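Colleague: I am new to this structure and would like to learn how to read its features. Please show me the model and take me through it.

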Amino acid sequence: MNGQIDAKPTKDFFISMLVRDISLKDAIGDLLDNCIDGAKRLRGNKSYKGLKVNIVATPMKFSISDNCGGIDLEIARKYAFRFGRPDKMEGTNYSIGQFGIGMKRALFKLGNEFEVSSSTTINSFSMKVDVDVWKSKTDDWTFSFENSEELEIKKQEEETGTIISLNKLNEDAITAFNDDIFLQELHNELELDHLYNINKGLDIYLNGIKLKSKKLNLIVSQKFKIGKWEHNFDDEVNVKLIVGLGSSDEQLGGWYIFCNQRLIVGPDKSRLTGWTGRKGDGVANYHHQYWRFRGFAFFEAEDSSKLPWNTTKTGMNTDSPIFKAVRLQMIEMMKSVINGFLNSLKKENESDYTGEQVLHEALEKTESMNIAIEENELKKYYAPDKSFMYPEPDKSGNKLPIGETKISYSMDKDKVKQLKKFFNVTTNPDLGKKTFEYVYDNEIE
């Protein structure tokens, strides 16, 4: 008798296990990640201006197309459609997709029939797969090209790209793509995940609507120096932390954690990034006093498998020794902004404070810089030490006399400048007094 036992998985079982723990949004995100990797192969760390990804998600059809360089014919033949990443495959440095499991998992999650066509500058291919037919071939796990060719005339970069389309969608996808709430949530999620790449110039469209992104801005001046820390772990993962100030915005404040320039967490205000409250190992809980805080953590690795993220790219691996070490550093750097500057700024607003509003005045003389596209300019605002630097607050003030109180409010900068000119004053406190006296004298007395 034959002593061998057949332990091969059935294709139905394999596919069901493959797609079980991934959402439709994450599946689409995986396909978009592969487009981003194409942009990285083309441009490296330079601007992505001119590169575009177009996503169409309707109950009748899903497609994603780009002009990001295409998939090389040899990679498609040997690696791109394998289930898993072969050891011999030379991956994209600093990738976020890597032809591993993501693309195939996404295709099976979305539908039962898919078409892929792609063109590089030197070759092209197309293929069409009916999943039900493929599953019926029990022992054949291969796919076939419909067309493939080496090009006699080299194409221009702008003529390259990949198109993936699915016409026989799964019921879950049909239902979701018929739901305006789902589509809006997908729009918001992709917009957030790729805010760094959008800031670098990549145009991404979902059903004809261009994704936009809040700018990754810090406010800087010669008096406000950005805190920066950088460390390389075992020559495999490089980490850079940046802390500073942004606009006073509840939604934008917190930590942003990127892995190979893809946003994995953020803006975060939880224990994960050190917002633990007084009884924890971090800083105070996030509230309006800290809305100006901005922290950016960049994890970079040529081999993305070394990054301390989870397999679905939706969070960090909190058991990772690298992440644990970085989190401690994040907490220390937060303290220079929160315990130092932001607490001092709060004191200038308190009703019994009589000193000069040094910090408020300094904030008015800052400029805003986008850390994604102005990195070289930003370097001149790095503090010599890792801690955030700010002007020394005025500590000479006494408490207000009995019967007096303090008024503090924020107004449009341009209007404030016009009023300063009108009243012939140069500081905000003097302007406040003049405007109060003006209204009181003319309207009350």
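Colleague: Is Arg262 buried or exposed?

Modeller: Buried means under 20% relative accessible area, exposed over 50%, and partly exposed in between, with a 1.4 Å probe and protein chains only. Arg262 has 4% relative accessibility, so Arg262 counts as buried. This is a predicted model, where local features need pLDDT of at least 70, side-chain atom pairs count only at pLDDT 80 or more, and totals for chains, interfaces and linings use all residues. Residues are numbered from 1 along each chain as its sequence is written, and side-chain values use heavy atoms, leaving out hydrogens and water.

Colleague: Which residue forms a salt bridge with Arg262?

Modeller: Side chains of opposite charge can pair when their charged atoms come close. Here a salt bridge is a side-chain nitrogen of Lys or Arg within 4 Å of a carboxyl oxygen of Asp or Glu. Arg262 pairs in this way with Asp193, with 3.6 Å between the closest N and O atoms. Arg262 is in strand β13 (residues 262-268) and Asp193 in helix α7, 69 residues apart; helices (H or I, at least four residues) and strands (E, at least two) are DSSP runs, numbered from the N terminus. Asp193 is also buried, at 14%. A network of salt bridges links Asp33, Asp193 and Arg262.

Colleague: How many salt bridges are there?

Modeller: The count is twelve. Among them is the bridge from Lys25 to Glu185, at 2.8 Å between the closest N and O atoms. Lys25 lies in helix α2 (residues 24-43) and Glu185 in helix α7 (residues 180-193), so this pair ties together parts 160 residues apart in sequence.
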